[in-house]
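Have the viewer open while you read.

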Amino acid sequence: MHILITGGTGLIGRQLCKALLAAGHELTVLSRKPASVPDKCGTGVHAIASFGEWHPSQTFDAVINLAGEPIADARWTDQRKRLLWVSRVKLTQDLVRHIASAEHKPKVLLSGSAVGYYGHRSDVALDEASKAGNNFAARLCEAWEDAAQGAEQVGVRVCLLRTGLVLSNNGGLLGHMLLPFKLGLGTRLGGGKQWMSWVHIDDYVGSVLRLLHDTQASGPYNMTAPQPATNAEFTATLAKVLHRPALFVAPAPLLKLAMGERACLLLEGQQVLPGKISAAGYRFQFANLFDALSHLLRK
Ligand SMILES: NC(=O)c1ccc[n+]([C@@H]2O[C@H](COP(=O)([O-])OP(=O)(O)OC[C@H]3O[C@@H](n4cnc5c(N)ncnc54)[C@H](OP(=O)(O)O)[C@@H]3O)[C@@H](O)[C@H]2O)c1
């Protein structure tokens, strides 16, 4: 297949490109820095800087849409919220317009979303039928999903990737946590009861490959491991894997002061279960957090 990937240079995208190249697919990555694509995604990967370079006669068999300004990197000012919105919702609307005008349409669009779709839901176990939340992150995910679903109107199969916290040894959440934990400064966040719906990068990539090829798959998919952990469990497990203590607590008011509205990403969570991908027969390599962290940190 020839596959177009937006956000292919990111944490998930790079790993996905590696797996798709190994499976023999031809790849084109949309990037604001197209010259960096072969380095980040693999030699032989084509790059485009805008959808304007997608000529209607060019055929992509599938599209994977992962682009988006990082959500946790800066305070959610009005300007930042606009950037988070435009880089996901508007980019996806543009993508769907180009899909609609392509002479040969892709068979499938796998499009990004996040478990933030469900908002703050304390201890309720959530599956794909659960309703959306109503904070900024939830509204962003809902609009991002709505934009992608537009491709169904031109006959494209659409799967929505409600992504949990992706664990990888190349950055992301673990990249931020590792140094303080290694220094014995591991810290529980607030009360520690908030859920962290994590997924090992290998299972994320494995699930994407499944959704790419399973012609029956459509709609939302929770991209999370079957055993989510609370923040207190996550903190204790990471400390155990690293053989370090984690004795500190970051008080919620302090985090709110330091981070503003985006502190909800750390202090509020959701217990999300991968109902549909499990029902489709996907078998997780890493269902258990201790095994996932041990595998990643041993590498
Ligand atoms: N990693 C996680 O734990 C996690 C959890 C939930 C949801 N997600 C979502 O899944 C997607 C992929 O995650 P990731 O961790 O791989 O993200 P990432 O490492 O931050 O990569 C995202 C990619 O999006 C592109 N991008 C960034 N800002 C952009 C902008 N303003 N306009 C257009 N493109 C922009 C970048 O590509 P170029 O620089 O090449 O243009 C970048 O490589 C993201 O949308 C993210 O929100 C990730």
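1. Is the crossing of helix 3 and helix 4 right-handed or left-handed? It's right-handed. Keep in mind throughout that this is a predicted model. Helix 3 covers residues 78-101 and helix 4 covers residues 136-149, and their axes come within 8 Å of each other. They cross at roughly 15°; angles under 35 degrees count as roughly parallel, so that's what we call helix 3 and helix 4.

2. Now the residues behind that pairing. Helix 3 brings Lys 81, Leu 84, Trp 85, Arg 88, Val 89, Thr 92, Gln 93 and Val 96 to the contact. From helix 4 come Phe 136, Arg 139, Leu 140, Ala 143, Trp 144, Ala 147 and Ala 148. Sorted by class, the contact of helix 3 with helix 4 has 10 nonpolar, two polar and three charged residues.

3. Next, helix 1 (residues 11-22) against helix 6 (residues 201-213). Their axes sit 10 Å apart and the packing angle is about 60°, so helix 1 and helix 6 are oblique to each other. The crossing of helix 1 and helix 6 is right-handed.

4. Who touches whom there? On the helix 1 side you'll find Leu 11, Ile 12, Gln 15, Leu 16, Ala 19 and Leu 20. They meet Ile 201, Tyr 204, Val 205, Val 208, Leu 209 and Leu 212 of helix 6. The contact of helix 1 with helix 6 counts 11 nonpolar residues, one polar and no charged ones.

5. On to helix 5 (residues 172-182) and helix 7 (residues 231-241), whose axes cross at roughly 60° and come within 11 Å. The crossing of helix 5 and helix 7 is right-handed. Leu 173, Leu 174, Met 177, Leu 178 and Phe 181 of helix 5 meet Phe 234, Thr 235, Leu 238 and Ala 239 of helix 7.

6. Finally, the ligand. It has 23 residues around it, and the closest are Thr 9, Leu 11, Ser 31, Glu 69 and Arg 88.

7. A few ligand distances to check in the viewer. An N or O atom in the Thr 9 side chain is 2.6 Å from a ligand oxygen. For Glu 69, a side-chain N or O atom is 2.7 Å from a ligand nitrogen. Val 166 uses its backbone: an N or O atom there lies 2.9 Å from an oxygen of the ligand.

Note on methods: Residues numbered from 1 in each chain as written. Predicted model: local features only at pLDDT ≥ 70, side-chain atom pairs only at ≥ 80, totals over all residues. Heavy atoms only, no water. Axes fitted to C-alpha atoms, helices over the stretch in contact; angles between N-to-C directions. Helix = DSSP H or I, 4+ residues; strand = E, 2+ residues; numbered from the N terminus. Parallel < 35°, antiparallel > 145°, perpendicular 65-115°, else oblique. Left-handed = near helix turned anticlockwise from the far one by under 90°. Contact = heavy atoms within 4.5 Å. Nonpolar A, V, L, I, M, F, W, Y, C, P; charged D, E, K, R; others polar. Near = heavy atom within 4 Å. Polar contact = N/O pair within 3.5 Å; in protein donor to acceptor, adjacent residues only side chain to side chain.
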